[in-house]
Amino acid sequence: MSVTSLPPAAEPTPSAAWLFARRNPTLVAGGAILALMTLAAIAAPLFAGDPITINPARRLRPPSSEHWLGTDQLGRDVFARVVWGARVSLQVGLLVAIVSVALGTIIGLIVGYFRTADALITRFMDGIMAIPAILLAIAFVALAGASVWIVIVAIVLPEIPRVVRLVRSVVLSVREAPYVDAARAGGTRLHVIMTRHILPSTIAPLIVQATYICAAAIIVESALSFLGAGVPPETPTWGSMIAQSRSFLPRAPWTVFAPGFALALVVLSVNLLGDGLRDWLDPRSGRRG
Amino acid sequence: MASYILKRLGSTALVLFLVSILVFLLLRLAPGDPAAVLAGDNASPEQIARLRVMLGLDDALPIQFLRWFGQVLQGNLGVSVYSNEPVLSLIGQRAEATLSITFTTLLIAVPLAVTMGVVAAHRAGTWVDRALMLFAVAGFSLPAFVVGYLLVYVFALQLQVMPVQGYVPIAEDVGRWAWHLVLPAVTLGLIYTALIARITRATMIEILSEDFIRTARAKGLPMTRILLRHALRNAGVPIVTVIGIGIALLIGGVVVTETVFNIPGIGRLVVDAIARRDYPVIQGVILVCSAIYVLLNLLTDLSYTLIDPRIRY
């Protein structure tokens, strides 16, 4: 299946868009929430306010018209911190999805096409997969130091083997297909066979896999921040907000639950988007990749 | 069969060997000198140099690896930089709490998830199915620390029917031990339940559309008997596979859950080790967790012949 054979995207006319939304409610709902939160994250400097300045005089204030989500134990505005925190989460989620899919696809194409590379690299990937992802990421950040880039690398590392497995299985199934044989017999160069004849088959499952990786990456990033092994603590992130405020849970639950619900909402919308894309791109599959 | 088991054991050993290489490299290739870390902040350059010689850090990397690996094979995972205790005995001391949460989670999550999956598949397309699957998606999306604090807030702080946090050893008081495990196990089990329920549903829907199910229904067998004896039995392999694969989720979740509920388990051990830059402990815990995961997956593979007698190796 190539991209061009996919069902056409929604037309801008209201009735067609409505029909598309009716048929793919999870896809549209997930996409809409995600788009809204992305917009808010990008526009944070314009409207969210100051997430950094400490003001002990107004600490632990409950939500009010002045501070929509209250203030935290250092008097910082929780709403501003939640909106700014979305930046780290979405950035990490998006970049991890792109980088791990890109690297995983390259390795997967090589592994699937060349049998000699297969045995060695697949074993190596099994080795990485055997290490629990969050432990690998924690150890990596602890050793290499805290920064957004280190966190991204730490999360990409355990995700690559999952992409490699997916691409490898697709390549193995199309490698012997008559049209690939024909291309080879016709003297088509290797990189053309790879990009024009094999790669298109992997695109639909990869798009779905990318959304699941994005959701997983957002959760792992927040868990790393929560455990104190994430991005530098000055940067507002949802995980570190929860970690810093948790001892104030009885007095000021909003300091823990505001970032918590934002996190859950983003991950939920990405997962809904993934489920919707899966059903849309391949209506027969009922299983998670 | 015997030759298959031998082959699987061989590849398991190979994977474990690769894991140990990765874990070793992770520590050695990271920026910073392990000797400087071990010696502490106030060490002089001479002290660090002496330590380097003592630890053999000036030898070639493969030699260092073989020496370290030889020790690991003898059950020596090194000594904690912080407490000077052997890493293996530190892990041993913390194992009870972690195993308690993990087994309680399995005990709650697996029966619940399989029931949910079977019911959703039986009622596929109805509101029951949609509600259960919405719960499953939510289960995937709620990070353990958000669920954990929500449960603590509602059941411990507001309703005051559950302990806030902490752990009671089983030898001390069995009742309080179990009571303290409820919230952590529910927290840890949510994502696991969601994963197993989804796979169970997908597999069951496939099986329920097959001819032998129609035959069973035509014979007039009661539906519960068809669902449990005919359909679920045949769904065993994918379900057991995902239970095995999901162990990785539990290991990751345990680290977070133990932090939320302040439980002195292996997860806390590794989090504290990170704060203290206690590399031998980090390395040891990763190695042990990976080994457990790989061995559990081996057991999963071997259990297929028991679940489905048609599978022969």
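User: Let's start with B:Ile263. Where is its place in chain B?

Analyst: A quick note first: this is a predicted model, where local features need pLDDT of at least 70, side-chain atom pairs count only at pLDDT 80 or more, and totals for chains, interfaces and linings use all residues. Residues are numbered from 1 along each chain as its sequence is written, with chains lettered from A and ligands numbered from 1 in the order in which they are written. Helices are DSSP runs of H or I with at least four residues, strands are E runs of at least two, and both are numbered from the N terminus. On that numbering, B:Ile263 sits in the loop between H12 and H13 of chain B.

User: Is B:Ile263 buried or exposed?

Analyst: Buried takes 20 or more other C-beta atoms within 10 Å of a residue's own, exposed takes 12 or fewer, and partly exposed is in between, with C-beta atoms placed from the backbone. B:Ile263 has 23 other C-beta atoms within 10 Å, so this residue is buried.

User: Which residues is B:Ile263 in contact with, leaving aside neighbours within four places in sequence?

Analyst: Contact here means that the C-beta atoms of two residues, placed from the backbone, lie within 7 Å. With those neighbours set aside, the partners of B:Ile263 are B:Ala97, B:Ile101, B:Tyr167, B:Pro184, B:Glu258 and B:Arg268.

User: How many helices does chain B have?

Analyst: Reading from the N terminus, the elements go α-α-α-α-α-α-α-α-α-α-α-α-α-α. Chain B has 0 strands, and its helices number 14.

User: What share of the residues of chain B count as buried?

Analyst: For scale, the C-alpha trace of chain B spans about 85 × 60 × 35 Å along its principal axes. Chain B has 313 residues, and the share that counts as buried is 37%.

User: Why does B:Asn84 count as exposed?

Analyst: B:Asn84 is in the loop between helix H4 (61-73) and helix H5 (87-122) of chain B. Its phi is positive, about 65°, although it is not a glycine. B:Asn84 counts as exposed because the number of other C-beta atoms within 10 Å is 7.

User: What is the phi of B:Gln160?

Analyst: B:Gln160 belongs to the loop between helix H7 (144-158) and helix H8 (174-208) of chain B. This residue is exposed, with 9 other C-beta atoms within 10 Å. Its phi is positive in a residue other than glycine, near 55°.

User: Which helix gives the most to the side of chain B that touches chain A?

Analyst: Between the chains, 42 residues of chain B are in contact with 41 residues of chain A. Several helices of chain B each supply at least two residues to that side, including helix H6 (127-141) and helix H12 (247-260). The one that gives the most, with 7 residues, is H1(B).

User: Which residues have the most contacts inside the largest nonpolar core?

Analyst: A nonpolar core is a set of buried Ala, Val, Leu, Ile, Met, Phe, Trp, Tyr and Cys residues joined through C-beta atoms within 7 Å. The largest one has 165 residues, and helix H9 (residues 190-226) of chain A gives the largest share, 16 residues. Those with the most contacts inside this core are A:Ala137, A:Ile138, B:Ile196 and B:Val270.

User: Which residues does A:Ile138 touch, not counting residues up to four places away in sequence?

Analyst: A:Ile138 is among the residues with the most contacts inside the largest core. Its partners come from chains A and B: A:Leu224, A:Leu227, A:Ala229, B:Val270 and B:Ile274.
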